[in-house]
Amino acid sequence: MLEIILIGPLIVGISIFLLPIRTGRYLMAATGVWNLGVAIYIWRVQPRAFLDQYFRLSPEGLLVLLLTSFLFAVVSFYCLGYLEHEKLSKERFFNGSMLFFLAAMCMATIADHVIIFWIAIETTTLASAPLILFNRTKGSLEAAWKYILICSVGIALALLGTLLMTISMDAVDVESSLFFSEFAKVAGQLDKTWLKAGFVFILVGYGTKMGLAPMHTWLPDAHSEAASPASALLSGALLNCAYLGILKTTNILEAAQLGDFARNVLIGFGLLSVFVSATFIMKQTDYKRLLAYSSIENMGIIAIGTGVGGFAAYGAMLHLIHHSLIKSSLFLSSGNILLAYGSKLIDQTGNMARQFPKTFFCFMGGFVGIVGFPPFGIFFSELIIILGAFQKGRYFVLAALLCFLLFISAGLAKYVISMSFSQTENTACLVEKPLLYVPQMILLLVSIILCFWMPESLSRVIIQSGTGIIGVLNG
Amino acid sequence: MISPYDTILMLLFLSVLLAFASSRILTMIKVISFQGVAVSIVPILQNSDLSTSSLVFGSIMLTIRGIVIPGLLVFAVRKISIKREVEPLIGYHFSIFVGLLLIGFSFFISSKFQFPDSQASLLTMPAAITVFVGGLFLLMARHKAITMLIGYMMLENGIYIIGASFSRHKHHVVEFVILLDVLVGIMIMGIVLYNIKRTFDDIDTTLLRKLKD
């Protein structure tokens, strides 16, 4: 039953190549809604998989599945408006790849088997490469080449890590199936050397895909060259799927009494990511790259939260949700800006507040959210991570994180204000139809609502997803 | 007496050195093809109890790794008409030296791990590490995009030896799907490569320097 979630988009994705372009566009939006419906059904009923030797639901997978389906539904409606303006030469390719991409991400969320999960993540790379490539400009070719090569090599390392993990089971003659959840159950008996080696490779491998520094080099190129709806999905949904692999492996190490080792490595990569994005955000000429570096920063924060553990790990899961919502909204708004000004350079834009008030409203809202001002969710998630770090006595991590965050906020503010209010000679035109701004507003609104009203089932799933790293929360 | 798979493993070491020393891309593709055949045969030779399914899957692996993928690479080389890697980042002589160091290093690392008691030969792990790191080295040390593809394939071969020889959780369907993923990956990279050649008129990755901060 569970497999419906990936079979649906797959079938529609294939059929889109045979149908007229406009029909395909609407079909994609319909599939987005259908997929969200199936995800909600799965969330409530939690059915067993038909191929239950490969697929199984896990709390963290469930969370990312719902988030991914929701984002895709919203983004597919934005596409209806976006594709009216942006004339793509091979739109069927674009729509088809979007759906294949969705299918691959859904597969990653329900695959609890370590190797099937790897296959799903590799498939997301393959399905999303055409989304970056389709412009066929020099820049997009370069970005696509870097993306597919760096991610494939990175993920190959994750495969090695996965194999080392299975060897850790064989080396001590433990018999168990290769599910992440089963690994965690027998973790205490596993061979520690192999397990550690496996973790390092998995962290580097899936960390490449998640955009952790220093393996992040593909990310700004790919996110800036992809079409904006695709950038929104790459940043909002794909990075989470890669994080799933790291989270699940960290849970195993926690169960194997190697938690300290895993945490320190995670914090190291996390701090480096935040530092790298702080240095690059300060001096940036391209607003989509600016947003891409902000994604690296947020992935770093999530890694730090996971590494600190306890209360902060709960914050990291919240951060994951809110980052997806807000960053996708920002990338969609950046799509409007690109349509209006025809350039990705910050210098070429300006006076957005007067010329395009609705896009400005969404973009500014997203900016306020992403740097962590209330009433958006990132304010609370960052606060929780900071409090968690205090609680655990990680003062150095805390100080460094806050310092970098300050620089990042300053850098982002400088450019966003320049884009919104400075004068420009560039004549821009764009009719702001509802489909071009309502999706962003919905995403931002959901982030606000989740701060004040969190459904009980959602908070339960969040706590279950990090049983290892969150531990028992007080109260 | 030297068993046949020890001989194959020794040849794997030499194949890495040959790939390091070669400037001709066709030679490197031949190396990849040989490695593909070797890594598909080694697990079969190591396994004393052969079943029909493992033979069938072994031959599918052999076909894809040894014939289909190298065939695709040869096709790509014809299409983009680039025969040599000129001015590599790290010279050929130094590359061979690195290769020798790498072989020593792989034996050293292998001695640090406690292996599950499998029928694998003592040479298996060093050979796997050499092929794997050798692939990584080619990825870093060469400019042409096609050589990087070859490096990626070599890396993948190295990982396959480790998986097939040491993990007891062999699952032919899963292995097959992994290979399918790799195959599609190679094809997409080939398409990007072709487009790079058409747009830039070369596949030197030093040309891909436009996007940076």
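**Entry 1: ground rules**

I note that this is a predicted model, in which local features need pLDDT of at least 70, side-chain atom pairs count only at pLDDT 80 or more, and totals for chains, interfaces and linings use all residues. Residues are numbered from 1 along each chain as its sequence is written, and chains are lettered from A and ligands numbered from 1 in the order in which they are written.

**Entry 2: confidence**

I read the scores of the model as ipTM 0.93 and pTM 0.94. For single residues I used pLDDT, the predictor's confidence in each residue, from 0 to 100. Chain A averages 91, and 98% of its residues score at least 70. Chain B averages 85, with 96% of its residues at 70 or above.

I then went through the elements; helices (H or I, at least four residues) and strands (E, at least two) are DSSP runs, numbered from the N terminus. In chain A, helix 20 (residues 467-470) has the lowest confidence, at a mean of 66, and helix 12 (residues 287-308) the highest, at 95. In chain B, the lowest mean, 82, belongs to helix 7 (residues 172-200), and the highest, 93, to helix 4 (residues 92-110). Where pLDDT is low, the predicted coordinates should not be read in detail.

**Entry 3: chain A as a whole**

I found 20 helices and zero strands in chain A. Its radius of gyration (taken over C-alpha atoms; the globule rule is 2.2 Å times the number of residues to the power 0.38) is 21 Å, close to the 23 Å that the rule gives for 475 residues, so chain A is as compact as a globular protein of that length. Its C-alpha atoms fill a box of roughly 70 × 55 × 40 Å along the principal axes.

I call a residue buried if 20 or more other C-beta atoms lie within 10 Å of its own, exposed if 12 or fewer, and partly exposed in between, with C-beta atoms placed from the backbone. Of the 475 residues in chain A, 63% are buried. Among its contacts between residues at least 6 apart in sequence, 83% join residues at least 24 apart.

**Entry 4: chain B as a whole**

I counted seven helices and zero strands in chain B. A compact globule of 213 residues would have a radius of gyration near 17 Å, and the 18 Å of chain B agrees with this. The box for its C-alpha atoms is roughly 50 × 35 × 35 Å along the principal axes. Buried residues make up 45% of its 213.

**Entry 5: where the chains meet**

**Entry 6: the nonpolar core**

I define a nonpolar core as a set of buried Ala, Val, Leu, Ile, Met, Phe, Trp, Tyr and Cys residues joined through C-beta atoms within 7 Å. The largest has 251 residues, and those with the most contacts inside it are A:Ala108, A:Ala144, A:Tyr147, A:Leu233, B:Leu149 and B:Ile150. Helix 6 of chain A gives the most to this core, with 21 residues. Not counting residues up to four places away in sequence, B:Leu149 touches B:Leu73, B:Ile186 and B:Met189.

**Entry 7: two residues looked up**

Is A:Ser328 buried or exposed? It counts as buried because 30 C-beta neighbours lie inside 10 Å. A:Ser328 is found in helix 13 (residues 311-341) of chain A. Leaving aside neighbours within four places in sequence, A:Ser328 is in contact with A:Leu71, A:Val75, A:Ala232, A:Ser235, A:Gly236 and A:Leu443.

I placed B:Leu100 in helix 4 of chain B. B:Leu100 counts as exposed, with 12 C-beta neighbours inside 10 Å. From B:Leu100 to B:Phe166 I noted 66 residues in sequence and 25 Å in space, C-alpha to C-alpha.

Note on methods:
Contact = placed C-beta atoms within 7 Å.
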